[in-house]
Amino acid sequence: MNLFQALLEALDSLSSNKLRSGLTILGIVIGVGAVIAMLAIGRGAEETITGSINSIGTNLLFVFRGGSDEVRNPDPLTLSDANAINDPFSAPSVVNVAPFISGDIELTFASERAFIHGLGVTSNYDEIRNLKLAEGRFIDEAHLLGRSAVVVLGADTVETLFGRTVGVIGETVRIDGQPFRVIGVAEPMGGSGFSNPDKQVYFPLTTGQIRLIRRRSDRVDAIIAQAISADAVGQAQEEIASILRIRHRTSIGVDDFTIFTQQDFLETARTITNVFTIFLGGVAAISLLVGGIGIMNIMFVSVTERTREIGLRKAIGARNRDILFQFLAESSLLSMLGGVIGIIFGWGLSSLVGAIASASDVDLAPKVSLDAIILATVFSAAVGLFFGLYPAKRASDLEPVEALRYE
Amino acid sequence: MVPGHFSTKRMSIIEAIDVTKIYIMGEIVVHALRGVSLTVERGEIIAIMGPSGSGKSTFMNVLGALDRPTSGTYSLNGQLIADRSDDELALIRNKEVGFIFQTFNLLGRHTALSNVELPMRYAGVTSGRKERAIAALEAVGLGDRIHHRPNELSGGEQQRVAIARALVNDPAIILADEPTGNLDSKSGSEILDLLHDLNQSRGTTLIFVTHDSEVAARAQRIIRLLDGKIVEEIGVEV
């Protein structure tokens, strides 16, 4: 008996009991569909997260105060640190440096009030973070020197405060009770990893130091450095580290600062989404396992029902392996059919999740990947073979005399 | 007289010498056959008779290589059936034995043609299978019914399909277990006529296991079993 004949005969036998075959297949359909959908959602989540991390800029480095837990009283980062990093001779891989201070502030306009994140920044912050203005202009050197009471608002902030997004330039808002003139409105950037730039406001670093966030001397909360290219990020990290080690007089191996690159963020995010995907996929795989047990159950019923047929086949010359093959063909066909329908079902399910996500304004586009399809196909075929093997073995081991006598 | 049990120079189709079969069912030991010897020549028509529990079904299973004897020797068409693997027995059944059952045992989902093709499939025949199956169905007078399924055929027709299936690999013997048991007397005698015709035209050895005295009356030799032993042999050597 060749493979094609065996499959044809298996199809014939399965179609003779359509309802039962259908219900058995359903178990696999749900299992495979769930695996496909869960992997797709995991993949989509990963792409959303890495996408928003990438939107930060692939060549940025973030320097924060504090290193490992062993370091007590780490030196704060200062404007002088930022200037030193900006020195092209000691840090040739760094092209731009933007130190900033940040804190939660109260923003009011007329009777509207918002508690949001405020950033005291330098004039190159917009450039380094790729911040585009919808209206007006960004903070410049003159504002920094003059400690001007000016503010640039994030897109969502404007909406919250004014109920409109245009024509707010020149308005005066109050930050912690002090009047600030609006000079610019940022374009929406979309939510990103740690803090949403659309919900922030920007004012001159110097103004913030004195009037809002109050940092002693020239302390800053973090420094953003831009490497000359994405490939130079590692080099830039080395250069910044050695500058800060000298300036902070740290002992070897105990840095009192931490440098994050975008790569580090990506790595962390990938680890998290991978765990998430494996978890979801694992839960889905359990339902596939249950589907496989369903196949085994039905195959046992089928073997018992067809005991006489097995006896007859053996009487006219079927070898044990012919019978084994016959039943394995049936169970594999069940699971393969289930797998194919399950892939379509999983595809539909992930499109549905995508539709729901976009309807509720969540940035998540589930992505059915080829490797998930291959994985599900191989896995479901393996389930069919594995769970079909025992019933098929039992069929093939039947004694012909007893099988023929079976009522 | 029957041929000698121990030294036939001609090759007999069946040579069973002192065959026993013991079943152990839990605590109970069943001696189904207690030393049965039988020699059958090519082209003979034999009827095996006996009441229920006499061991005739067990004997038929041994003769058909469905089961191995517990002791004694049995050779079918020159091949010793003992210590053979399951697969070797399957091959012997496929090539040497055609089975006909009281309940026909056709595969319900398959057409007459496909049922008759089945032994050839297990034999690994690939070319000319359909033609041979059609020829076998024509030989049993069902040339116009080849695409019918068993439930579209009468009992007599179903048994004809079973006969075609038994014939199609050109076996040395045909073993018929109560072939007329589920048929009315008219179809029953038609089936018997058909089998006797095949015996005449092809020289196929026929072995009937039956209660039916009409079937037995047309056999050349009748073997009566009781309690696992041959108690009587009636008939003439061909």
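A residue counts as buried when its relative accessible area is under 20%. A:Thr277, at 13% relative accessibility, therefore counts as buried. The structure is a predicted model, and this briefing describes its two chains, the surface they share and several individual residues. Chain A has 407 residues, and chain B has 238 residues.

**Overall form of chain A**

- The secondary structure of chain A consists of 13 helices and 12 strands.
- The radius of gyration of chain A is 33 Å, whereas a compact globule of 407 residues would have a value near 22 Å.
- Among the contacts in chain A with a separation of 6 or more, 78% are between residues 24 or more positions apart.

**Overall form of chain B**

- Chain B contains 7 helices and 10 strands.
- The radius of gyration of chain B is 18 Å, and this agrees with the value near 18 Å that a compact globule of 238 residues would have.
- Taken along the principal axes, the C-alpha atoms of chain B fill a box of roughly 45 × 45 × 40 Å.
- Buried residues account for 55% of the 238 residues of chain B.
- Of the contacts in chain B between residues at least 6 apart in sequence, 70% join residues at least 24 apart.

**Surface and charge**

- Chain A has an accessible surface of about 19400 Å², and 60% of this surface belongs to carbon and sulfur atoms.
- Chain B exposes about 10200 Å², of which carbon and sulfur atoms supply 50%.
- There are 33 positive and 43 negative side chains in chain A, and the centres of these two sets lie 4 Å apart.
- In chain B there are 25 positive and 30 negative side chains, with the centres of the two sets 4 Å apart.

**The interface between the chains**

- At the interface, 25 residues of chain A are in contact with 22 residues of chain B.
- The two chains bury about 2200 Å² between them, and 53% of this area is on carbon and sulfur atoms.
- On the side of chain A, the residues that lose the most area to chain B are A:Leu312, A:Ile316 and A:Val401, which together make up 25% of what that side buries.

- A:Val29 is found in helix α2, which covers residues 18-54.
- With a relative accessible area of 7%, which is under 20%, A:Val29 is classed as buried.
- Apart from its neighbours within four places in sequence, A:Val29 is in contact with A:Gly338, A:Ile341, A:Gly342 and A:Phe345.
- A:Val29 and A:Ile243 are 214 residues apart along the chain, and their C-alpha atoms are separated by 59 Å.
- A:Thr277, the buried residue of the opening lines, has its place in helix α9, residues 262-305.
- When neighbours within four places in sequence are left aside, A:Thr277 is in contact with A:Leu39, A:Gly42 and A:Arg43.

- Most residues other than glycine have a negative phi.
- B:Asn77 is not a glycine, yet it has a positive phi of about 50 degrees.
- The loop that holds B:Asn77 lies between β4 (71-76) and β5 (79-80).
- B:Asp227 is likewise a residue other than glycine with a positive phi, near 50 degrees.
- B:Asp227 is placed in the loop between β9 (221-226) and β10 (229-235).
- The relative accessible area of B:Asp227 is 52%, and the residue is exposed because this value is over 50%.

**An exposed strand residue of chain B**

- B:Val231 has its place in strand β10 of chain B.
- B:Val231 has a relative accessible area of 51%, a value over 50%, so this residue also counts as exposed.
- Beyond its neighbours within four places in sequence, B:Val231 is in contact with B:Arg224, B:Leu225 and B:Leu226.
- B:Val231 and B:Ser54 are 177 residues apart along the chain, while their C-alpha atoms are separated by 10 Å.

Note on methods. Residues numbered from 1 in each chain as written. Chains lettered and ligands numbered in written order. Predicted model: local features only at pLDDT ≥ 70, side-chain atom pairs only at ≥ 80, totals over all residues. Heavy atoms only, no water. Helix = DSSP H or I, 4+ residues; strand = E, 2+ residues; numbered from the N terminus. Rg over C-alpha atoms; globule rule 2.2 N^0.38 Å. Buried < 20%, exposed > 50% of the residue type's maximum accessible area, 1.4 Å probe, protein only. Contact = heavy atoms within 4.5 Å. Areas by Shrake-Rupley, 256 points an atom, 1.4 Å probe, with all protein chains shown as cover. Lys, Arg positive; Asp, Glu negative; His and termini not counted. Charge placed at Lys NZ, Arg CZ, Asp CG, Glu CD. Buried area = accessible area lost by both parts, 1.4 Å probe.
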